Every structure is written in structure tokens, then in C-alpha cells.
Amino acid sequence: MANDGFSFPLPSQIEDVPGAEGWRSMYQYYTRFQPEDDNRFWFHNAMHFPEPVPAFDTITSEVPYTAIGANTARLFVFPTTMGIEHRIVNGRVYITAIPILDPAEIEQRLATFTERAGHYYGNWDSLYEGWKAKMAGLIGEIEAIKVPELPAIEDADVVFNNVGIAQNHYLRENFHRCVDLFSKAWHHHTEMLMLGYGAYVVFFEFCKQAFPEIPDQMVARMCAGIEVIMYRPDDELKRLARVAVEQHVDDLLTEGCNADEVLAAMAERGEGGQRWLAALAEARTPWFHVSTGDGFYHHHRSWNEDLTVPFTALPRYVRLVRDGESLERPTDQLKAERERIAADYRALLTSEEERAAFDQMLGLARLVFPFVEDHKFYCEHWFTTQFFAKIREFGDLLVRQGVLAETEDIFQLHHSEIDMALADVMLAWSAGSQPLGSRHFGPIIAERKRMLEVLKGWSPPAALGPVPEALNDPAVRMLWGITAETLATWAAAEGDDGQEVHGYAASPGVVEGIARVLTSVNEIGQVQDGEILVCAVTAPSWAPVFGKIKAAVSDIGGAMSHAAIVAREYGMPAVVGTGHATRRIKTGQLVRVDGDRGVVRILG
Amino acid sequence: MAPGGLVCTLRAVGAADREVAGGKGASLGELHRAGLPVPPGFVVAVPAFRRAMRAADPAGAIEADIAALTGLDIAAIERATADIRARIVAAPLPAEVAAAVSIAYEALGTDVPVAVRSSAVGEDAAEASFAGLQDTYLWVRGAVAVLDHVRRCWASLYNAEAVSYRLRQSMPEHDVAMAVVVQQMVDPRSAGVMFTCSPTTGDRSVVAIEGSWGLGSVLVGGEVTPDSFVVSKVTGEIVRRVVAEKPRLHRMAPEGSGTTVAEVPAELRSRPCLSDEEVRALARLGARVERHYGTPQDIEWAVTGEEIVLLQSRAETVWSSRTGEPLARPKARPMDHVFEQLSRPVLTRGDD
């Protein structure tokens, strides 16, 4: 590698964004870069945090990183990696994995890892079933949490049943339960995921060794599940389109239709309308709990909370149904194709021994892959959208109590600050006085909102610090796609003509088109037919927009990134893991996406 | 025209006939037999070479001249071989050889332009050292010209590089022989080479294709950077594609014989010389040839627009000869692979 001695900009060289010098007030002291952090490699986690992070949303870095490290470093004792550290600068999250390089320590950890990981790999399917039940339990719990009303006079039952505890107590207890459940959900999220990546990375790297030219997506294709839960929400929309046509109510689902108006009109359309509404109700639980984002920001709402995304996709599916197109995914064909590809590569191996090893590795990768593909629906989508919805209810209460001006303001406060605001409310209710919070938090919230707007304009460097000695963490390689090659690409990007962006060739083909650069999931409605989507990262629920676009480009993502998977599904070129496409490409520019080589060229 | 005669048709020879048809001739015959697209043609076989050499050099003077050389005296080799080549080219052909070649040529059609290509006999390494388009004459037209170029091919057996190679290897001179392939000329829109494994990594799951506008000689001679395509044998997808700037091409000379260099029209220079369809079709042909031989191949091809033809196929030698340890062996349990791999640090600054 030509990486020797190369260094990306150092953390200490990053200057405060002018006009947002006070960004540190939004984040906790343990997220700040320290002087000694200059000696280590960090990369911008643009996959999960493409936008500046509001104070409350730091919970989606704080909690996941407490869970991931606990899993790899302490629970399963991965031999060569501890956990992931994170830092926030100018509102962006940078992370690094702490590798273990001492052979004696690796040896020692391996013994424990073998025993513990062996238990999970050995019982994977039944543990996964149990895992789903545990997640369903957590989802039930978060949905059931009540945000207490603070009545002028307590309910009589509290007295006559000798409860002895007033409602203001539950304000804090129930808020804490939300945070605690979120933490538990993330512990479960990582419970099987890191082992999943571990098993996949073994097969992946064997394939890369045996077939140096094999595209990443081909390795994924050999393992990929056919009945993937993340495809279900989109499949449900197709089903609803079919029902609409069958019931002759499809005329209501026109381009640009408004969800509320459609629902009202359906109710007036007799039996057909009722049937369609029943089909919709059936689809909504659980499939409309899918997030419009990937659950790392409070504004990633579920389809259930905001029907705009599904109702934007429906008219197109209705048109296709009318045109007699089959919207069914050809699952038998996909399955046969997956088997053929695996058999062909297997046959190209040079010895029976290699073929036997290949069978073992592929078998294990296929065992873990359903979890790797599907866990997100339970965690980041269903659980997390319910979590944020519950926090909003606390926001409503703080509005009613005069602490906040509007519900969404709660997300400008760190969860420890919400603790303070709730104490304020608990005290005021108890004393019969007014909470003081609006005077304290009012200016703070206004300033933070202003700073977040300013910070949006900052283009974070893809990486900071010296090139690392090792990239041991399987998630860093497989999920974030950070490999020696990625680093070389990013390093090379420091000095080309500025007209090319390089990344992974994620889905083959070459097309030209007009770029649509999205910096936030909320802008998804702006995408026009035939445009080329350029974004930090795509989420599974964006599948409907893939029906409109010609190609996809993302800042971050590896073999298993959703942009890659969905682009292949739709047969369009995709280049992922470019590091900085959203910085370099502007909406309206003509670009050529070369999904064969992994190059995006700005043509003008 | 069966093997054994002075001349035999391409389809009459196969891989087993290297001693009479030379490596190239045998290989083309074999491709023909396997049903692969090869331009029609014939081989001027080794007996014709022997007959002609006996006539040109009845006293065995050539062998004696070479025996007097040493592998180190380059200037002496240059002088002696130039003289030998001049004698071979100038010597009148035995009538029965001239007649056999002329009849075979006329059987291809009237005044058909042909490629006249040397096809050396000998061990692989020796053949490889003679291989290349310097021993191939394109756009040859008319029986007289064909006969003339057949002699030039024979003479190329005595070019300085070949002779000094044989001297260094102490190869006996009386074993060397040269067949000549005469093949109907194709007028390629694009041409090039392909490897049925990756030439850079040895990956057997891909076919690597390089091509340029016009005749393949422009590419083999290194005069342009070719377009390059990597195609997955498994899915048929083009997994990598680099389209190069190709300012020059080789094509038929205006006077109708020989080749000339021309400029590629500006609008074509940075356009791919093959359509995706052609790239995939070539890769499929390459995979068929490999399956036929059971080992990776190095193939020359040409595309006319209507058809794809193969001009040569030989065994790929660099990667195929490598036999290493298996990359992995089965373990007691599948998960043991994970334990092994996750206990190995992944260094960013490895040996490579």
C-alpha cells in the first residue's frame, strides 16, 4: 500500500464553523476530540450521521457505541478488536475502532471468544427466533409507556389503593424507562450483529482471495436472502396498488395525491373503498413502522406517522398494475440464480479441499445473513420510531407546562438536560408554582437551532489523522466499507482534477443524468424522474424512490450497504463509499455514473 | 488435403498435429474442429518446408554456418542470419510445393486477401519466442505474393533473435521447422486479445479483453493503449471497463496489399471499440475455448461488425503453471473459519 506515513487532516486542525463557534454546548464533554486524538485514525460516520446532530439525537451515537463495544470487547471478547470510540466536531460524528495487536493478548481472548461465539453460531436460528421475541417485548414496552398527566388533584385511587406515589414521580421514571429501553434495544441490536459480520467477512475475504476480481456485490448475492423483511414495506405498497385496481378505486391514487384526502375519499367509495382501507390497515402494522430514514435522527419518522412516502410511491405502482406489469419479485428465479452463481464460483476453485472450505464458509454466511439483513426493521425502524414518538409525547407535556415553545424543541436538549427540565416541572407541580425552564432553555434552544442550520453548510473531511496500522474490526470493513483501498482512494482524492469521485463499483452499468444531491432524508420528495440520486447514505425505506432514479451514488457504504443492494435489485448503476460525493457534486450538474469501475464524473 | 501432405486445410488438423502444422496451425485447426469461428484457410505443412529447404540448401550449409556461431557474438549472428534469410527468400520453390500452395490458395476464392502467418514447430518456450505479429503478413493477395510471403515466414525461423535463442539453449538445428498458416483475411473493425483468466491476478472467474480499432497489430505492437474489459464468467456482466484514447489504427494499405497506419477519426478515439454485446459474446467464446482445452487460454480475436473470429489460441502459461497451497481447507466446524480469521490482525501496511 502507498499508505505509509500518509495523514489525513488532524482533528486539532479542524476549525470551528464561523457562526457556530458555540457548537460544543450541544454535546457532552466525553464526545470532544482531545489533543492526543491527533495520533489516531478517525473517519466521518456519514453512513449514520450525514447531517449535524441535534443534542437529543446524540443518543443514537452514545447508546449504540456503548452497546457495540460492550459486545465485541467485553461480552464475546473478539480477539483483535475492542470497541468503537466516537467524537463529535462541528456537529458531525467521527469514529474509530480500537484494535488489539499483541499476539499474546489475541491468543488469550481467542479462547474465550471461541467458547462464547460458538454458543451463538451453534444455535443461531433458535437464538434468532428468541431474539425476535425479545425485540417484540421491548417494542411492546416502549409503546405502553405512559407520559403522566399532571392533574390539579391526584386521582382518588392513589389514595384509596394506598399507592402513595404521585404522578410527578412517574414523569422522570417513565422518561428514564424510555432511555433504558432504547439502550436495551441497542444491546440486542449488537447481540448477534457483530458475530453476523464476523461470519460474513470470512466468506467475503475468502472469495476475494480466490477471485481477486469478484465484485463485492457478487459475494453478497451468493448469501443474500430472498424473502428479506426490509423488502416487505415496499411489497405491501405493491399489494395495495393491486387491491386498488381490483376494487376499482385506483382512480383516487393519482400522482401528487394527498394521503388524508385519499383516506377520506376511500371511506366514501362503498365496499371497494372499505376493502382497500382494510388492506391498508392490515399493512400498517407492522410494515408501516418502517422509518423514512434509518433511525438515527428524530426526524426519521415512520410511514405510519407520515404517509407521504408511501402515498408518493403508490400512484406509480398503480400505473404499473394497470399496464399489466407483474410487480411480484421473481423469488424462485432469484433463488435459482443465487444457487447457480455459488455453484459456478465453487466449480472454479482449484481443489476439492478449497471447495469443501467454501461450502462451510458459504453455509455459515447464509446462516447469519437473514439476521444481518432483517434486524434493522425491528431495531432502527419499528422500535426507534416508537421511541422517538414517545419522546415527542414528553415534548408535548413540556409544551403544556410552558417549558418548551413547541414539541420538536425537546430534541434540542440532551437527555440529561431533559432530566433537568422534568425535575423543574416536577418541582413546580409539587410546589404549585411555575416551571422556570422556558427562561433557561428558551434562548439555548433558539441558539442551537440557528447553529445547526449553519453547521449544515460544513463539509466534513472523510477521514482524520494518520492512516491506521490495522483495520481489525469486521464491522468497520463490512458495514462502513473502510479498507486499505478506501483509504487509498480518499487519500488520492486530495489531489485530482476535482471532476471525478471514486468509490465502490456497487452495481454495474454506465448512465448519464442530472444529479439530485440530498443532504437530508426529508428532501426525498424533491427527487424527479430520471435523476441520479447523490446522497450520504440511503435507507431501506427509500426503495420506492429507486423506481424513479437512473443511478445512485453515496458517500459511504460497502458491500452490504442498502444503496448497493437496492440498486442491484432495480438493475441500475451505483457507486457507493465515495467519501464525499455530496460535497463534490451539486444538484443540477450532469454526471456520468460508471457502476462498472466505481467512478462518477462531473460533466458540467 | 489431410495431414502428411505438403499442404492441408485448417479443419483437417488438430492439436495432435503440431509436428506438421506447427503450434499456431494445430491450434487453429483444433478451434475449427471445436466449432469455434475461425477464418477458413490452410497450412503449408512441415514436409513442404523440408522439401523447400533441401532445394535451397542441398549441402546443409545453413546448419554448418550456424554451428560456427556462438550465442554471444551478436554482430556475427546478425551478419550470418541476414545472409541465410536472403538465400531462403531468393531460392526458387520446388514446383510441387508451389503448385500445392497455389491450388490451396485458389480454393479459397479469386484473389482473396489472406494473412500469411508463421507457425513454428518445437517446444512451447521456443514457439513462444517466435510468436508475435512480426512473423505475420497481412493483406497478402495473389498466389505469387502468397508464395513469396511463405518463404519470408520460413526465413523468419532464422532471424537473429531466434537463432541466438537456439544457440543459448543448445537446441539442435536439424530439429527446427516452420509451418505456415494461410488464412482468409478478415477486415476487422476492432481486434485484440483476451485472456480467459485475469492477467494481473490470475482470477479464473473472469475473462480479460483488450481491444482497439482496426487490426490487432496496433495493440500487440504497443502503439496504442487498448480499451480493456473484464467480464465475469459467472454472470456475464462486464465488471470493469476502461475506455482508452486510441488515436491510431492499422488497416489495409490503399494499394491493396500490406498494412498501413492511419489516424482514428476524432469522434471514435475515446469511444469503446466494442459494444457491450460484443464484449459479452467474446467472453462467452473465450470461456468455450478454455473449456475445450481445459486450461486458461490467451486468444487473439477480431470483430468485423457482422461476426467475431478467433485468430489464435494458446495456453496461458503464467498463472496456469502456478500450483500453490489451497487457500483454505475444511475445518471441523464451519465456525472454526471465523475463529481463525478473526484472530488475525488486518494490517493496512502489508507486504503487498
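Colleague: Which residue does A:Phe43 stand opposite in S4(A)?
Modeller: In this predicted model, A:Phe43 stands opposite A:Ala463 of S4(A). The strand S1, residues 42-44 of chain A, runs antiparallel to S4(A) and is joined to it by two bridges.

Colleague: And what is the order of the strands in that open sheet?
Modeller: The order in chain A is S2-S3-S1-S4, four strands with antiparallel pairing. The edges are formed by strand S2 (81-89) and strand S4 (463-464) of chain A, each of which pairs on one side only.

Colleague: Which helix lies across S2 and strand S3?
Modeller: That is helix H1 of chain A, residues 59-75, which lies across S2 and strand S3 (92-99) and runs at about 165 degrees to S2(A).

Colleague: Switching to the cores, which residues have the most contacts inside the largest nonpolar one?
Modeller: Those are A:Tyr200 and A:Phe203, in a core of 186 residues. Setting aside neighbours within four places in sequence, A:Tyr200 is in contact with A:Cys223, A:Ala365, A:Val368, A:Phe369, A:Val372 and A:Met478. There is also a second, separate core of 93 residues, which includes B:Val7, B:Ala12, B:Val121 and B:Val206.

Colleague: Now the interface: how many residues of chain B are in contact with chain A?
Modeller: On the chain B side there are 35 residues, in contact with 53 residues of chain A. Strand S9 (238-242) and helix H12 (335-341) of chain B each supply at least two residues of the side that touches chain A.

Colleague: What is that side of chain B like by class?
Modeller: The side of chain B that touches chain A has 18 nonpolar residues, along with nine polar and eight charged ones.

Terms used: Residues numbered from 1 in each chain as written. Chains lettered and ligands numbered in written order. Predicted model: local features only at pLDDT ≥ 70, side-chain atom pairs only at ≥ 80, totals over all residues. Pairing = 2+ DSSP bridges. Contact = placed C-beta atoms within 7 Å. Axes fitted to C-alpha atoms, helices over the stretch in contact; angles between N-to-C directions. Core = buried A, V, L, I, M, F, W, Y, C linked by C-beta atoms within 7 Å. Buried ≥ 20, exposed ≤ 12 C-beta atoms within 10 Å, placed from the backbone. Nonpolar A, V, L, I, M, F, W, Y, C, P; charged D, E, K, R; others polar.
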